[in-house]
Structures are given as structure tokens and as C-alpha cells.
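User: I would like to learn how to read a fold, feature by feature. Can we work through one example together?

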Amino acid sequence: MPADASFRRLDDDDFPAYTMGRAAEMLGATPAFLRALGEERLITPLRSDGGHRRYSRYQLKIAARARELVDQGMAVGAACRIVILEDQLEEARRINEELRDSPSGPRSRADA
């Protein structure tokens with residue numbers, strides 16, 4: 001792979017660049033916390049050829065939000081569910097915005 005293609009991966013929020021230890025360190029959490037998020041299916045790290053967990057920046061962003069909620073006293077399972085719902089809401093808003101900005105625009109009931 002050419003060097004410039006390798007460097008482009010560094011800009012990819014979904015590239016699994018971080019080991020479990022590094023991810024936990026960045027979050028100020030423990031590896032057990034990251035495993036708990038995996039058990040709750042909030043994040044699913046990719047595995048290296050050796051079977052080690054690798055996390056992306058996007059996954060770390062999601063994990064950081066869950067950590068905030070847990071630090072506020074929420075149970076891990078509840079925090080994960082809230083983060084999932086927040087993520088779904090953000091995606092729905094993004095899709096709505098795209099539809100609003102599209103050349104054809106959203107159809108009103110009068111157009112139907």
C-alpha cells in the first residue's frame with residue numbers, strides 16, 4: 001500500500017487504530033469498562049490478526065459518552081441504551097437535513 005494511502009487511514013474515523021490498552025488510557029477507563037460496552041453491544045471492536053481488540057475514533061467517541069453517563073451514576077446498561085438512542089437521533093436529524101437540502105426537497109402532504 002502506498003504511503004499516502006496509509007496516511008489517509010489516519011483521517012478515517014472508522015479505522016480501528018487503537019489497542020484496548022491505549023483506548024482505555026485515552027478514556028481514563030479500564031479495559032473491563034470497554035469489555036462491558038462490548039457486552040452491552042454499544043461498540044464492537046474489530047480484531048487484529050492476533051485476536052486483539054482494536055477501536056476506532058468513532059467507537060472511542062461513543063465510549064466517552066457512555067463513560068460520562070456512568071460517571072454521573074448511571075448503570076452501564078442504561079448508559080449504553082441512552083447512547084444508542086442519542087446516536088440514532090443524530091443520524092435521523094442528519095438524514096432529515098439532507099432531505100431538506102436536496103434539490104427536490106421534502107414532499108408535503110399537498111404534493112402527494
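Analyst: What follows goes from the overall layout to the sheet, the helix packing, the core and a few single residues. One caution before we start: this is a predicted model.

User: Start with the inventory. How many helices and strands does the protein have?

Analyst: Count the elements, then read their order. The protein has 5 helices and 3 strands. Along the sequence they follow the pattern α-β-α-α-β-β-α-α.

User: What share of the residues is buried?

Analyst: Of the 112 residues in the protein, 23% are buried. Take the contacts with a separation of 6 or more: 56% of them come from residues 24 or more positions apart.

User: Now the sheet. In what order do the strands lie?

Analyst: The general idea comes first. Strands of a sheet pair through backbone hydrogen bonds, either parallel or antiparallel. Here 3 strands form an open sheet, ordered β1-β3-β2, with antiparallel pairing. β1 (18–19) and β2 (46–47) stand at the edges. Each has a single partner strand, so one side of each is left without a neighbour in the sheet.

User: How many bridges join β1 to β3?

Analyst: 2 bridges join them, and the strands run antiparallel; β3 spans residues 53–55.

User: On to helix packing. At what angle do α2 and α3 pack?

Analyst: Read the angle and the axis distance together. α2 and α3 pack at about 100°, with axes 8 Å apart. That makes α2 roughly perpendicular to α3. Look at the residues that meet. α2 brings Met-20, Ala-23, Ala-24 and Leu-27, and α3 brings Pro-31, Leu-34 and Arg-35.

User: How do α2 and α4 cross, and which residues meet there?

Analyst: Their axes come within 10 Å and cross at roughly 45°. α2 and α4 are therefore oblique to each other. α2 passes α4 in a right-handed crossing. On the α2 side are Ala-23, Met-26 and Leu-27; they meet Leu-60, Ala-63, Ala-64 and Arg-67 of α4.

User: And where do α4 and α5 meet?

Analyst: The axes of α4 and α5 come within 9 Å, crossing at roughly 130°. This pair is therefore oblique as well. The crossing of α4 and α5 is right-handed. The residues from α4 are Tyr-58, Lys-61, Ile-62, Arg-65, Ala-66, Leu-69 and Val-70. They meet Val-76, Ala-79, Ile-82, Val-83, Glu-86, Asp-87 and Glu-90 in α5.

User: Which residues have the most contacts inside the largest nonpolar core?

Analyst: The largest nonpolar core has 19 residues. Leu-34, Leu-37, Leu-42, Ile-43 and Tyr-55 have the most contacts inside it. α2 (20–27), α3 (31–39), α4 (57–71) and α5 (76–101) each supply at least two residues of this core. The largest share, 5 residues, comes from α4.

User: Take Leu-42. What is it in contact with beyond its sequence neighbours?

Analyst: Set aside neighbours within four places in sequence. Leu-42 is then in contact with Leu-37, Ile-62, Ala-66, Cys-80, Val-83 and Ile-84.

User: Where does Arg-41 lie?

Analyst: Arg-41 lies in the loop between α3 and β2. Check its backbone: phi is near 65°, a positive value in a residue other than glycine. Then check the surface. Arg-41 has a relative accessible area of 69%, so it is exposed, since the cut-off for exposed is over 50%.

User: What about Met-26: where is its place?

Analyst: Met-26 sits in helix α2. At 40% relative accessibility, Met-26 counts as partly exposed. Leaving aside neighbours within four places in sequence, Met-26 is in contact with Tyr-18 and Leu-60. Now compare sequence with space: Met-26 and Ala-64 are 38 residues apart in sequence and 9.1 Å apart C-alpha to C-alpha.

User: One last residue. What is Asp-13 in contact with?

Analyst: Asp-13 is in the loop between α1 (3–8) and β1. Its relative accessibility is 41%, so Asp-13 counts as partly exposed. Beyond neighbours within four places in sequence, Asp-13 is in contact with Ser-56, Arg-57 and Tyr-58. Asp-13 and Arg-57 are 44 residues apart along the chain, yet 5.0 Å separates their C-alpha atoms.

How values were computed. Residues numbered from 1 in each chain as written. Predicted model: local features only at pLDDT ≥ 70, side-chain atom pairs only at ≥ 80, totals over all residues. Heavy atoms only, no water. Pairing = 2+ DSSP bridges. Helix = DSSP H or I, 4+ residues; strand = E, 2+ residues; numbered from the N terminus. Core = buried A, V, L, I, M, F, W, Y, C linked by side-chain atoms within 4.5 Å. Buried < 20%, exposed > 50% of the residue type's maximum accessible area, 1.4 Å probe, protein only. Contact = heavy atoms within 4.5 Å. Axes fitted to C-alpha atoms, helices over the stretch in contact; angles between N-to-C directions. Parallel < 35°, antiparallel > 145°, perpendicular 65-115°, else oblique. Left-handed = near helix turned anticlockwise from the far one by under 90°.
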